[in-house]
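Q: Could we go through this structure together? I would like to begin with the strands and then turn to the aromatic rings.

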Amino acid sequence: MKDSVTGVTLRLLYTLFAQDGILARSAQFVNEGKQSVHLTAAMSLCMDLPDCNYEWMQFSGAWARERHLITRKLEPGIVSVDSRRGNSSHNHNPFVILKRPDTNEYQGEAIGFSLVYSGNFLAQAETDTHETTRVLLGIHPMGFDWKLEPGESFQTPEAVMAYTAHGLNSLSQAYHRLYQKRLARGYWRDRERPVLNNNWEATYFNFTEDRLVQIASKAKECGVELFVLDDGWFGQRSSDNAGLGDWTANPERLPNGITGLAQRIEDLGMKFGLWFEPEMANKDSDLYRSHPDWILQTPGRSTSCGRSQYVLDFSRTEVVDCIYAQMTKILSEAKVSYIKWDMNRSITECFSASLPSDRQGEVFHRYILGVYSLYERLTSAFPQVLFESCASGGGRFDPGMLYYAPQAWASDDSDAAERLKIQYGSSFCYPVSSIGSHVSVVPNHQVYRTTPLHTRANVAFFGAFGYELDLNSLTEKELEEVKKQIAFFKEYRKILQFGTFYRILSPFEGNITFWMAVSEDKKQAIAGWYRVLNGANLPFGRVRLQGLNPDFCYTELSSGASYYGDELMNLGLITTDGMSGQPDDIHAAYGDFDSRLYVFKAD
């Protein structure tokens with residue numbers, strides 16, 4: 001399409017996928033006129049629906065309670081979610097669903113809308129007075145102003161729309177297949193993820209090389225495959241007030257550098273991983289002292305900081321080049337197999353010293369392009385390194401990140417009860433293999449809740465599994481339980497991470513959560529049952545399973561009971577206490593925050 005007045009051409013780009021009723025759309029604006037123009041809105045998708053008989057589903061929250069499900073009926077007017085924070089944000093995810101009022105997990109029409117982008121976004125549905133609905137999805141127009149000189153073009157990110165007539169599980173599984181197999185890429189896309197141990201909640205900034213090796217040694221003894229060193233290893237980093245931007249090992253903590261520590265971990269028979277926050281700088285850093293103009297800041301105005309840090313201007317190539325050189329030096333010299341890429345604050349004072357005043361509306365988007373550029377260069381130079389994205393947990397949990405990092409730290413909140421909602425909500429769009437989920441210490445460091453060790457593992461199994469604690473602090477009995485957990489996960493992680501995932505009972509609707517994963521051949525399935533609070537003389541419990549072969553006879557391994565698939569899907573599985581058990585019978589009945597796994601194998 002072409003505007004004859006300005007000479008701007010709009011090309012709408014479509015991809016129709018062969019399976020699952022999925023369409024991707026984006027737009028390209030080209031200035032074929034003779035004068036510069038300012039593009040102040042550039043949405044990726046605009047779709048009109050002939051009626052408004054839908055319910056709007058969004059996935060919202062805040063730090064430590066990301067992607068909670070919120071549902072409301074469409075009414076005349078506008079409903080929307082957005083981010084203007086420079087990242088896709090903890091507050092709202094760039095994914096929404098329109099579903100018919102009678103649609104549930106198993107039947108009915110639904111349409112999903114997902115934006116493959118990691119920055120400011122807007123997802124909006126407008127119902128007019130004639131009861132038709134218009135859906136918009138794309139880069140948020142507030143603060144966006146892209147100058148197009150004659151001959152220049154602007155490309156929007158892709159919006160991915162999926163339709164189903166078979167319920168919300170069907171819609172989610174379509175996104176899972178597409179994003180797991182066609183969006184994520186590289187060496188780790190189809191590989192089972194290693195069991196890791198991250199030191200952050202075990203030590204925070206208080207560690208030495210020997211202490212780290214001590215933690216890693218116990219982890220290795222329990223079966224952990226990857227040890228990850230989190231924040232605090234670089235520059236003058238003894239707290240969050242200094243060091244960001246100086247990506248060289250602190251010799252007081254690591255006298256042999258990252259190279260020496262990585263070799264010691266490798267000598268234990270484990271892989272080594274490392275935390276970076278490449279987009280940020282502290283003012284107390286050599287990088288800032290050398291280049292004070294490299295942070296985003298408005299001339300003549302006060303500059304805000306968060307977590308004592310400032311956002312580097314990734315719209316500038318020289319800034320990205322500097323960080324790339326520092327990271328490449330470490331990754332080239334040390335045996336690093338995994339990178340946790342963090343971003344611990346949103347963008348404020350979004351002004352770049354390198355752009356003129358009439359291009360400041362481009363900075364937010366140019367920043368994201370700079371982030372993607374650094375990811376592209378690093379993943380190309382180190383293709384076998386496993387990248388995990390993070391932004392204070394779930395602040396940038398979006399498909400744009402998934403393209404470069406096949407998994408993301410789902411939330412800084414690792415409490416098992418809170419994670420039921422976070423992981424359940426995440427599963428509406430994102431595959432289980434992308435959801436970083438760890439067992440942490442109790443009382444939990446975010447909500448100070450004490451939950452049983454088996455429940456912490458039973459929740460975390462459904463994701464990129466690991467531990468966020470010092471296993472040396474556990475009792476011998478707890479260590480034996482951890483060893484069994486890791487052995488169990490290794491045996492079944494292909495199903496847990498790559499099986500077909502079904503949501504059965506929602507933590508947003510009741511006290512019981514139930515979900516399950518089924519192998520591709522339907523010969524194996526693992527179901528998770530979770531109860532938040534115990535009660536007195538509770539009613540009889542029964543759950544109808546999904547996705548099994550109705551003609552297969554399945555044995556539930558902990559109880560030895562046999563059931564046909566149609567029996568489990570139509571009559572249901574009895575979940576009343578004492579009727580079935582935990583693998584290897586490793587716990588007696590608990591009270592609050594109890595859980596149970598059921599493993600089914602076809603005869």
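**Strands, helices and rings**

A: Leu274 has Ile339 in β20 as its bridge partner. The model is predicted, so local features need pLDDT of at least 70 and side-chain atom pairs count only at pLDDT 80 or more, while totals for chains, interfaces and linings use all residues. Residues are numbered from 1 along each chain as its sequence is written, and side-chain values use heavy atoms, with hydrogens and water left out.

Q: Which strand pairs with strand β20 over 4 bridges, and in which sense?
A: Strand β17 (residues 271–276) pairs with strand β20 (residues 338–341) in the parallel sense. Two strands pair if DSSP finds at least two bridges between them. Helices (H or I, at least four residues) and strands (E, at least two) are DSSP runs, numbered from the N terminus.

Q: What packs on the sheet there, touching β16 and β17?
A: Helix α4 (residues 257–267) does, and its direction makes about 145° with that of β17. Contact means heavy atoms within 4.5 Å. Axes are lines fitted to C-alpha atoms, for helices over the stretch in contact, and angles run from 0 to 180 degrees between N-to-C directions.

Q: And how many strands close into the barrel?
A: The barrel has 8 strands, in the order β15-β16-β17-β20-β21-β22-β23-β24, with parallel pairing. From one strand to the next, the twist averages 30°.

Q: Now the rings. How many aromatic pairs are there?
A: The count is 38 aromatic pairs. Rings of Phe, Tyr and Trp (its six-membered ring) pair if their centres lie within 6.5 Å; planes under 30 degrees apart count as stacked, over 60 as edge-to-face and the rest as tilted. Phe95 and Tyr175 form an edge-to-face pair, at 5.3 Å centre to centre and with 85° between the planes.

Q: Which parts does the pair of Phe95 and Tyr175 tie together?
A: Phe95 lies in strand β8 (residues 92–99) and Tyr175 in helix α1 (residues 168–183), so the pair links parts that are 80 residues apart in sequence.

Q: Are Phe95 and Tyr175 buried or exposed?
A: Both Phe95 and Tyr175 are buried. Buried means under 20% relative accessible area, exposed over 50%, and partly exposed in between (1.4 Å probe, protein chains only).

Q: Where does the charged end of Arg503 sit?
A: The charged end of Arg503 sits over the ring of Tyr424, 5.9 Å from its centre. A charge sits over a ring if NZ of Lys or CZ of Arg is within 6 Å of the ring centre and within 35 degrees of the ring normal.
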